[in-house]
Number of protein chains: 2
Amino acid sequence: MIGYPVRVPETSRNPRRAPVEKQRDPERTKRKILDAAKIEFGAKGYAAARVSDIAGRAGVNKQLISYYFGGKEGLFQELAGQWHETGGEISTVDQPLPEVARQFVMTTLHDRDWGRMMMWANMSGEDDPGGDPEARFMQVQVEQIRTRQQQGEIPDDLDPAYLLLALVAAASASLALPRAVRNITGEDAASPDFITKYADQLALLVGHLTKKP
Amino acid sequence: MIGYPVRVPETSRNPRRAPVEKQRDPERTKRKILDAAKIEFGAKGYAAARVSDIAGRAGVNKQLISYYFGGKEGLFQELAGQWHETGGEISTVDQPLPEVARQFVMTTLHDRDWGRMMMWANMSGEDDPGGDPEARFMQVQVEQIRTRQQQGEIPDDLDPAYLLLALVAAASASLALPRAVRNITGEDAASPDFITKYADQLALLVGHLTKKP
DNA sequence: TCAATAATCATCCGATCGGTTGATTGTGTC
DNA sequence: GACACAATCAACCGATCGGATGATTATTGA
């Protein structure tokens, strides 16, 4: 899941070894901490997440969070910097806009915890560490929409930036508004069924923008 | 702002009175606490908000929060129950859908702190206290959209509930995604200029859904 | 084989949080 | 004017949080 460099401990040298559970493997430990943190931060947000809960979920001592990441804040930064994982994978060029919209929604299904983590951070409004990739990604998308507009794919009276913003916000519904999802559709915001149908619907909606009389 | 019953203290009886600042007025104190809490909860969310900050902002001793509202949790519940203020004012019937979309966005300009507070709460996914009015409001909106659909105002292939969800999520952008707003449009999410233009743009967008060849 | 170092853990610590206690002051009443 | 009660506050308290300290165990290289 995370492209972390994994150093496999040499098991051939010493025949007397601790059970696999107890074998020391800093990379595996780091990964366990990162995975647990992503879940906790995603579920509760930074302020409400507890380092002891993260350590507990990872099955390690909580001091290791300071040892490896320099504390709660450092751990969060480490996760927040991993933009390539999710954002980079979206290939939006050469696809019709409705498909791009669908992809935006489907992204919320894959790395859900990370997505929710970013949602909390985005809402807090603080400047994003490693925000460069995010901002650059958005700018690229704006330009692509502008190009589509010049090609007549979407109406002329829409501002590309504002259209993208509306798309991103709508696509984030399952992450940002789980309660509204239930209140409006009756579905669970995390369910693949809901997300898939929502992606379809948003693609349809965007499709109606492009169809000319 | 808040429809709280205000008891004006009798000033005529006793000529020797404390300065207006120090005059005791529980309703005014409650209101000051509620206003301050709305700002703090809206800015940081429940978990990150501090009762001492709320009291400090209200200019009162923090004990009064327990005294009047039964603590942090009670204070939050009190605010969360005030749905009529914002939600009830939106008159959506007899307006074309683009205007409804515009109104949804413009709502985020009026009671901004309360809106952000609800956004935090909505994101946490917990069942909403006084969630009944919210859920009922949403259901009414879904039915209105369904009616519009039957009248041919919007395409037949869109599910009214999912369309409403997309609209609500898109309209919440300035509350839920202030960072994305800056990254994408370069504007400040709280600025009336931005919100007004965004409302216009979303109305335009929805308008393109309805126009038939 | 044995130090040296890295990885992990049990325990403690200062800061801060939300809440409580008890005193104090203003206010209306008799 | 004094009593009773409501409103307000200063100070304190237990719980918990994030982080630090120092010991312990595993691993590696000499």
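1. The two copies meet through the same surface, because 100% of the interface residues of chain A are also interface residues in chain B. In this predicted model, local features need pLDDT of at least 70, side-chain atom pairs count only at pLDDT 80 or more, and totals for chains, interfaces and linings use all residues. Residues are numbered from 1 along each chain as its sequence is written, with chains lettered from A and ligands numbered from 1 in the order in which they are written.

2. In the interface, 44 residues of chain A are in contact with 44 residues of chain B (contact: C-beta atoms, placed from the backbone, within 7 Å). H9(A) gives the largest share of chain A's side, nine residues. (Helices are DSSP runs of H or I, at least four residues, numbered from the N terminus.)

3. How are the chains related? A rotation of 180° with 0.0 Å of shift along its axis superposes chain A on chain B, RMSD 0.0 Å (least squares on C-alpha atoms of residues with pLDDT of at least 70 in both). That is the relation of a two-fold axis.

4. Now one helix. The buried residues of H8(B) are B:Met138, B:Gln141, B:Val142 and B:Ile145 (buried: 20 or more other C-beta atoms within 10 Å of the residue's own; exposed: 12 or fewer; partly exposed in between; C-beta atoms placed from the backbone). They cover an arc of only 100° around the axis, which puts them on the same side of H8(B) (arc: directions from the helix axis to the C-beta atoms).

5. The buried residues of H8(B) pack against H11 of chain A and H9 of chain B. The face turned away carries exposed B:Asp132, B:Val140, B:Thr147 and B:Gln150.

Terms used
Helices (H or I, at least four residues) and strands (E, at least two) are DSSP runs, numbered from the N terminus.
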